[in-house]
Amino acid sequence: MGMNSNRVEHFSSPEAQAQPPAPAGPESTAVSVIVSANAMQMPPLEVHRVCLPPPRTTVQKLRHRLSEIFFPDDPLHRFKDQTWFRKLVLGLQFFFPVFQWAPNYSLKLLKSDVVSGLTIASLAIPQGISYAKLANLPPIIGLYSSFVPPLIYSVLGSSRHLAVGPVSIASLVMGTMLSETVSYTEEPILYLKLAFTATFFAGVFQASLGFLRLGFVIDFLSKATLVGFMAGAAVIVSLQQLKGLLGIVHFTSKMQLIPVLSSVFHHIDEWSWQTIAMGVGFLVFLLATRQISLRKPKLFWISAAAPLASVILSTLLVLCLKSKVPGIKTIGHLPKGLNPPSSNMLYFSGPHLALAIKTGIITGILSLTEGIAVGRTFAALKNYQVDGNKEMMAIGLMNMAGSCSSCYVTTGSFSRSAVNYNAGAQTVVSNVIMAASVLVTLLFLMPLFYYTPNLILAAIIITAVIGLIDYQAAIKLWKVDKLDFLACLCSFLGVLFISVPLGLAIAVGVSVFKILLHVTRPNTVILGNIPGTQIYQNLSRYRDAVRVPSFLIIAVEAPMYFANSTYLHERILRWIREEEEWLASNNRSNMKCVILDMTAVTAIDTSGIDTINELRKMLDKRSLKLVLANPVGSVMEKLHQSNVLESFGLEGVYVTVGEAVADISSAWKAQP
């Protein structure tokens with residue numbers, strides 16, 4: 001078997017470069033591999049050498065690994081072979097995307113952005129007031145948060161369609177977490193300080209993730225987790241709005257299903273029929289306009305204008321009927337003017353600092369996840385790319401600046417971004433137009449909101465969050481992946497019956513458990529040959545695949561780590577035992593060789609190497625040969641450095657399963 005000498009070679013060896021591939025000898029040319037009772041002939045197969053990867057120093061390996069972890073998109077590739085001036089321009093464009101699109105901005109683009117900006121402003125103003133109430137903050141804070149953050153994002157953000165402002169989920173989580181410890185009615189100043197401080201820490205956390213390129217942290221919030229979490233939060237938020245729709249004064253501040261429903265029915269005496277009639281009427285109107293826009297996307301402006309139209313109409317009704325319906329609660333006085341500075345209100349010492357940090361991190365993760373997901377969704381529709389790490393820095397710096405200008409946590413809203421996209425937005429200037437509209441409102445229109453009823457804010461919130469209940473996605477999860485559905489269900493029930501933060505924690509825990517399950521219990525399958533080919537596939541998946549006599553071919557479909565090495569050792573031995581029992585019960589020839597297909601083993605550590613070595617020793621004692629097929633470069637390198645390859649001999653490692661079967665079969669036939 002001269003062709004099997006030097007089965008493993010170095011990538012850079014002169015012999016490997018000069019010596020042509022080993023020709024198939026007479027034995028291999030004449031050999032046919034039996035795959036069925038009909039003894040089907042296999043074509044002649046050339047056996048190739050298995051190459052080690054090019055030699056690299058430890059520093060080179062570390063540099064390459066860190067580059068793959070933190071810079072998979074190679075953000076500096078545009079700077080190569082450029083002049084210093086060009087590099088300066090590219091650097092400004094990289095950190096401030098405004099320099100990228102501003103030089104080519106035109107009047108035509110401005111017209112589109114003005115229309116879309118005014119459209120989303122009609123939605124942002126009532127939603128801003130409503131979401132601030134959801135976070136248990138003064139309504140004016142919601143308008144402040146719709147002014148400064150969009151301006152900052154227009155300079156730093158890379159998404160053309162992201163409409164920035166307060167969002168329901170972050171508002172709900174912030175209100176829930178802070179109000180569990182501090183009462184917003186008894187200690188409003190402290191509550192406001194903690195809200196601004198939480199916003200600051202949310203921004204620091206978000207910007208740090210982007211700067212350190214640690215965006216993969218937010219990937220632990222899987223889509224399945226978010227589907228359940230948002231649905232549960234939407235149900236809780238909607239039920240909480242019954243306070244405004246029914247006119248209840250003494251309502252629970254708890255955010256669980258049972259206390260909320262209990263509070264609704266224990267205060268029937270506080271229900272106001274005038275409030276119910278007006279509230280339900282406007283809710284039906286808002287839901288109807290939403291359905292019209294969903295069914296006919298070209299009529300998006302109907303649902304976009306409906307909230308502001310409802311605010312105006314309800315305010316006029318209350319103003320005209322205030323003597324006849326005195327029981328309807330209104331927003332009351334809202335101060336005019338620009339955002340007052342709030343850096344002096346940041347709470348950096350005291351007993352509640354940990355609460356502010358925890359609230360900031362959780363709301364920061366949620367808002368970051370939503371903002372980046374929304375930005376990428378609309379970028380894909382328009383065929384441009386959104387840099388996740390730059391978005392994290394933009395959203396983070398936006399929130400840090402917002403915390404110093406009387407704003408709370410903001411991000412990209414899906415509902416407003418969808419309206420922005422449908423209205424024809426071309427650049428982030430639409431955010432500037434929206435902010436300008438909010439500015440006009442803050443300076444001149446605030447007294448008009450005095451008679452705006454709370455019930456319309458409740459109706460706007462219910463209409464906005466009802467879209468977060470994605471039952472079709474839950475059905476799809478059930479059909480496709482039961483574990484994902486379990487994570488979704490745990491998140492949903494956790495939010496409903498325990499609390500919003502703990503519901504999220506449970507969902508993340510289920511997602512992490514799923515990852516650990518896949519890592520510690522990887523998939524292994526038995527391969528068979530598809531007759532007439534060199535293709536080997538799962539026996540239980542392909543009916544045409546058949547066992548190769550005397551061989552057991554096992555595919556390991558995961559990296560081999562300390563976490564799964566013991567399991568793989570036991571599972572492979574079980575496969576061997578079951579195969580021997582099957583052969584004995586079917587009167588087939590004895591097994592002589594076990595081939596491990598390592599195509600999917602993308603990495604290995606010392607525990608995995610020890611597992612392979614122990615398997616080889618155990619099989620040697622049972623007169624069974626262990627062969628490795630197609631180990632990837634990094635795995636091959638570690639096997640070589642650990643001297644495990646030497647124990648496998650000349651016929652221990654092959655490029656493919658087909659070559660292993662053909663070459664070992666020819667060797668057996670050549671034996672006397």
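**Exercise 1: ring pairs**

The structure holds twelve aromatic pairs, where a pair means Phe, Tyr or Trp rings (the six-membered one for Trp) with centres within 6.5 Å. Take Phe378 and Phe414: how far apart are the ring centres, and is the pair stacked, edge-to-face or tilted?

Solution, step by step:

- Start with the geometry: the centres of the Phe378 and Phe414 rings are 5.9 Å apart and the planes meet at 35 degrees, so this pair is tilted. The labels work like this: under 30 degrees is stacked, over 60 is edge-to-face, and the rest is tilted.
- Phe378 belongs to helix H16 and Phe414 to helix H18 (residues 414-422), so the pair ties together parts that are 36 residues apart in sequence. Helices here are DSSP runs of H or I with at least four residues, strands are E runs of at least two, and both are numbered from the N terminus.
- Then check the cover. Phe378 counts as buried at 5% relative accessibility, whereas Phe414 is partly exposed at 46%. Buried is under 20% relative accessible area, exposed is over 50%, and partly exposed is in between, with a 1.4 Å probe and protein chains only.
- One more thing to find on screen: Phe200, Phe201 and Phe348 are linked into a cluster by ring pairs.

A word on the ground rules: this is a predicted model, so local features need pLDDT of at least 70 and side-chain atom pairs count only at pLDDT 80 or more, while totals for chains, interfaces and linings use all residues. Residues are numbered from 1 along each chain as its sequence is written, and side-chain values use heavy atoms, with hydrogens and water left out.

**Exercise 2: helix lengths**

How many residues of H28 are buried?

Solution, step by step:

- H16 covers residues 353-381, and its 29 residues reach 42 Å from first C-alpha to last, close to the expected 42 Å. After H16 comes Asn383, with a positive phi near 60 degrees.
- H28 (residues 657-670) has 14 residues that should span 20 Å, and its end C-alpha atoms are 20 Å apart, which agrees.
- Eleven of those 14 H28 residues are buried, so the helix is largely enclosed by the rest of the structure. Among them are Glu659 and Asp663.

**Exercise 3: positive phi in loops**

Arg213 and Ser623 both sit in loops. Which of them is buried and which is exposed?

Solution, step by step:

- Arg213 lies between helix H10 (188-211) and helix H11 (223-240). Its phi is near 55 degrees, a positive value in a residue other than glycine.
- Ser623 lies between helix H25 (606-621) and strand E9 (625-629). Here phi is positive too, about 60 degrees, although Ser623 is not a glycine.
- Now the accessibility: Arg213 comes out at 10% and counts as buried, while Ser623 comes out at 66% and counts as exposed.

**Exercise 4: who touches whom?**

Leaving out residues up to four places away in sequence, what do Ser154, Gly117 and Gln537 touch? Contact means heavy atoms within 4.5 Å.

Solution, step by step:

- Ser154 is in helix H8 (residues 148-156) and buried at 7%. Its contacts are Val98, Trp101, Val428 and Val432.
- Gly117, in helix H6 (residues 107-134), is buried at 0%. Gly117 touches Ser430, Ile433 and Met434.
- Gln537 is in strand E6 (residues 536-538) and partly exposed at 26%. Its contacts are Ile526, Leu527, Gly528, Ile530, Tyr542 and Ala545. Between the C-alpha atoms of Gln537 and Val525, twelve residues apart along the chain, the separation is 9.0 Å.

**Exercise 5: zoom out**

How many helices and strands does the chain have, and what percentage of its residues count as buried?

Solution, step by step:

- The secondary structure comes to 28 helices and ten strands.
- Of the 672 residues, 51% count as buried.
- Along its principal axes, the C-alpha trace spans about 110 × 65 × 55 Å.
- Of the contacts with a separation of 6 or more, 80% come from residues 24 or more positions apart.

Key: Expected span 1.5 Å × (residues − 1).
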